[in-house]
Amino acid sequence: MTNPVRTRFAPSPTGYPHVGNIRTALFAWLFARHNGGSFIVRIEDTDVARTVEGAVEAILDSLRWLGLDWDEGPEVGGKYAPYFQSQRLELYHEAAQRLIAHGDAYYCYCSPERLKEMREEQVKHKQPPGYDRCCRDLGELEQAAKESDGITPVVRLKTPLEGQTRFNDLIWGDVKFENSTIDDLVLLKSDGYPTYHLANVVDDYEMKISHVIRGEEWLSSTPRHLLLYQALGYEPPQFAHLPTILGPDRAKLSKRHGAASVAEYREQGYLPEALLNFLALLGWSLDDKTEIFSLEELIKNFSLERVNKTAAIFNQDKLSWMNGMYLRNLTPEDFVQRSLPFLESGLPPQIKRPLDINYLRQILPLVQERTKTLTEVPDLIKFFFIEESDYPSDSLIGKGMTRESAIKALESARLKLVDLAVFDEASLESLLRPLAVELELKPGQLFGTLRVAITGRTVAPPLFQTMIVLGKERCLSRIETALARLRKPSG
RNA sequence: GCCCCCAUCGUCUAGAGGCCCAGGACGGCACCCUUUCACGGUGUAGACAGGGGUUCGAAUCCCCUUGGGGGCACCA
């Protein structure tokens, strides 16, 4: 009786997906792929009031960007369509009716106000808050009276008053709860929509989900779900609850922690493969040393047995390091292609668009190993397009140098460069290094002055390569600009 | 308040009784490479929350304390 592995990602469109949600999606996806099973996306849009416009698209976009493809779900359909819960309401009503008919559920006429007061009262008396089962044993006459008052009831599960519910979580092991601590949860709301609990159980059953992989926040409602499976006569799936991802303040990661949404990481210049790799390591590990995994390796090695139970703090520094690793491993052409959108939007508008791709192909290899995120690229290469002469002219004067020696250095360099026939690295090397000796400067001093003159910065890619890409004319003109600035005493 | 759960360097983690005076990675620091920065290399500081057991032997098993997380909605 080896059922095919079927996992699902069941987001609710109440906001944009953040890395915590996506980590859950990733693990469910990896588990399905590892076992040759199916990955299903199901939209849990049962909270009409909280639904956010565009959230479904944002969720799907994030999944697509990361390459987490789904076998069934929105846009692709599938055998168990539809994959939006708002389109499956009959199913939930049917289930609720069946439960009522069997005496496993009942109508509750309590008003939200009464429930609220009740809860406040309970908290005040240091009692655990929970429904007091006021309507659990209403007679037909009482029900009829309430109906005629025009109250639309909700449906609640008749939770067993005693006994315990236990299950074996694939990650947490044996978990058990006293039924007496579980109150009668609402299954069907008065607006006709099901609660998460009902919809989730019905759909996971209907869609033949074999493994429910979800966040730890669901662990304590799992017994309720199990009770529901039981009452409905369904064979429950296996459960695996993933540890929480925390923000730097140790609270559950949320919007408050800055860039928590996947879209924002994308905008910040992180590569999907880096984010995926990083996320995979939040709660899972292969061994004591492997850190960088391709998607294939991840699929091949992933297992729930190696998922741990401790909540993890999202460590952006490490993500950035990892992103740098991935960036450096890109082919030069790939790096160009990935940088392009960031350059189009990040480079100053006065630079002609579309950007000269061949020029970029010369420039970008010079900064590839120096970037951690793609958003840094425009600033790193801006000077290749624009002469930035707003640097402090003192920065032309290196350590142990004077204004005069800097002028002399630039002047001599300019003279030598003018006559240089071949403008390549070897020529520059054999021209400028001896020049330093001649000027009684350390190579670093001469190169530093030239670097500022040519790039406008003290930190830049290697000087000779930069000069070659810029070309002789632009180098000479920038040196002249620098000389002019040095000669003007105002600085 | 009640229920459930967790606990190794600042952070992510390896460790399933002796291989551990605890290994790797990010970050920190130092040095090397070097025309700046970065990359790379080398080294270094840095943890088994505390207390009791069990055992010849405990980071690993049990109990308590402490700390932390999650849940307790007509939200998911």
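Asp-204 makes contact (heavy atoms within 4.5 Å) with Arg-8, Arg-42, Ile-209, Val-212 and Tyr-229, leaving aside residues up to four places away in sequence. This is a predicted model, in which local features need pLDDT of at least 70 and side-chain atom pairs pLDDT 80 or more, while totals for chains, interfaces and linings use all residues. Residues are numbered from 1 along each chain as its sequence is written, chains are lettered from A and ligands numbered from 1 in the order written, and side-chain values use heavy atoms, without hydrogens or water.

**Asp-204**
- With a relative accessible area of 1%, Asp-204 is buried (under 20%, using a 1.4 Å probe and protein chains only).
- The side chains of Asp-204 and Arg-42 are joined by a polar contact of 2.9 Å (N or O atoms within 3.5 Å, one able to donate a hydrogen and the other to accept it).

**Strand β4**
- On one side of β4 (residues 154-157) Val-154 and Arg-156 are buried, and on the other Val-155 and Leu-157 are buried, so that both faces are covered.
- Strand β3 (residues 105-108) runs antiparallel to β4 and is joined to it by four bridges, pairing requiring at least two DSSP bridges.

**RNA strand B**
- Around RNA strand B there are 64 residues, each with a heavy atom within 4 Å of it.
- The side chain of Ser-190 has an N or O atom 2.7 Å from a base oxygen of RNA strand B.

Conventions:
Buried < 20%, exposed > 50% of the residue type's maximum accessible area, 1.4 Å probe, protein only. Helix = DSSP H or I, 4+ residues; strand = E, 2+ residues; numbered from the N terminus.
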